[in-house]
Amino acid sequence: MTTESIVKYFLLLQLMIVVITLLAPNFLKLDERYLGGSTQTYVENPVLYSRGNFDGLHYTSISSIGYVYPQQAFFPLYPLVIRYLKPVFRDAYLTGTILSLGAYLLAQYFFVKLLRLDFDSQLAKTILLSLILFPTSFFFSFVYTEGIFFLFLVLSFFCARKGQWWLAGLFGALASATRVVGLFLIPALIIEAYIQKKLTKTAVVSILLISLGTLSYMYYLNTTQGDPLAFFHAQKDFGQGRSESLVLFPQVVWRYAKMVATVDRGNPIYPTIILELIASLVFAALTAISLFKTRLSYAVFGLLAFLTPTLTGSFTSMPRYVLICFSSFIALGVLFDSHKRLKIIYIGLCAILSFVLLTMFVRGFWVA
C-alpha cells in the first residue's frame with residue numbers, strides 16, 4: 001500500500017466529514033449546550049468548530065487557562081501542545097484540529113508500516129480501511145486525543161518491533177501522558193520483548209520509562225489537588241454513571257440489557273444506549289478473536305484498553321474508545337480477507353452509521 005493511497009483515503013475521509021457537516025442542518029436541529037466555541041462562532045464556521053464539540057471544549061479551555069475542576073479527568077499532553085502551537089494558528093480550535101489531522105495522517109502511515117511487518121500490502125489495506133471506515137473514526141481528526149494518542153501508540157509498537165527500545169519507551173511515555181491506557185504499553189511491550197527474545201535490562205528499563213507520562217501527571221495532581229488520582233475521581237462529576245468500585249463486564253452487559261428493556265424509546269439517549277451495548281459486545285468478541293489472530297503484544301494491549309473503561313460499570317464512550325484497540329481491527333481485517341461478503345456488509349453498515357453519528361455529533365448531540 002503506497003503513501004499516495006494513504007493520503008488519498010485520508011483526504012476522502014476529510015471531504016466526507018466536511019460534506020456531512022454542511023448537510024447536517026437539513027436533518028437535525030442544533031443543540032447549543034456543548035458546541036465548540038460559542039454558538040456564534042459555531043454558526044459562522046461549523047466545519048471547524050463542530051470538531052471541538054463536547055470534550056473539545058475542555059481541551060481548548062485547559063490549553064488557554066489551565067485546569068478547572070473537574071477537568072483533571074483530561075490528561076495534559078494534548079492541551080499542552082495546543083497551548084504551545086496556538087500562537088502560530090491563533091485559534092485553539094484550529095490549532096487542535098491541525099494537530100489532530102497531522103497526527104492522524106502520520107498514524108495511518110506508521111500503522112501501515114507496522115502492519116507490513118506481518119501482512120502483505122492487500123491485507124494491510126483491508127485492515128486500514130476497516131479502521132478508517134468505522135463509524136466513529138471521525139474522532140481521530142477532531143479536537144480529541146484519539147489522533148495523537150494513536151500516533152504515539154503505533155510508533156511505540158513500531159519501534160519495539162524494530163528493536164529500538166529507547167524510542168519505544170519515549171513514544172510510550174508520550175502516550176501515557178495523553179491517556180492513562182498508555183500505561184498498558186508496558187505489559188504489551190514486555191511480552192513483545194519476550195517474543196523477540198530480547199528481554200534485556202536495556203529493553204526493560206526503556207519500557208518502564210513509559211510510566212513517566214502518567215506518573216508526571218499524577219505528581220502534578222498531587223501538588224495542585226492533593227490527590228494523585230484526581231483524573232479518576234473527577235470522572236463521577238461528568239454524570240456518565242461511572243462507579244469508583246470495580247464492576248465486571250457481564251454486570252455491565254446486564255445493566256445495559258435492563259436499560260434497553262426499560263428506557264423510553266422516545267428518549268434521545270435510547271439510540272446511544274443501543275450503540276454503546278452493540279459496540280461493546282462486538283469488540284468483546286473481536287478482542288477475544290485477536291488473541292488468536294494477531295500478535296500477542298497487540299492483543300494484550302487491546303484487551304486491557306478495551307476492558308478498563310467497562311470496569312467503571314458503564315459502556316459510555318465505548319464506540320469511541322475502541323478506536324485505539326487496533327488488534328481488533330487487525331482481527332476484523334483478517335476475517336474480511338476470508339469472508340468477502342462480510343466485508344461488503346461492514347462497508348454498507350459503516351456508511352450508514354457514519355452519516356448518522358457524524359450528523360448527530362456536529363449538531364451537538366452526544367455520540368461517544
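Q: What places isoleucine 210 in a loop?
A: Isoleucine 210 sits between helix 11 (201-208) and helix 12 (211-225). Helices here are DSSP runs of H or I with at least four residues, strands are runs of E with at least two, and both are numbered from the N terminus. This is a predicted model, where local features need pLDDT of at least 70, side-chain atom pairs count only at pLDDT 80 or more, and totals for chains, interfaces and linings use all residues. Residues are numbered from 1 along each chain as its sequence is written, and side-chain values use heavy atoms, leaving out hydrogens and water.

Q: Why is isoleucine 210 called buried?
A: Its relative accessibility is 0%, and buried means under 20% relative accessible area (exposed is over 50%, partly exposed in between; 1.4 Å probe, protein chains only). Isoleucine 210 therefore counts as buried.

Q: What does isoleucine 210 touch, leaving out residues up to four places away in sequence?
A: Its contacts (heavy atoms within 4.5 Å) include Ala168, Ser176, Gly182 and Leu189. The C-alpha atoms of isoleucine 210 and glycine 182 are separated by 7.8 Å, though the two are 28 residues apart along the chain.

Q: How do you know whether serine 290 is buried or exposed?
A: Serine 290, in helix 15 (residues 270-293), has a relative accessible area of 0%, so serine 290 is buried.

Q: Which residues does serine 290 contact beyond its neighbours within four places in sequence?
A: They are Ala299, Ser327, Ser328 and Ala331. As for serine 130, 160 residues apart from serine 290 along the chain, the C-alpha atoms of the two are separated by 14 Å.
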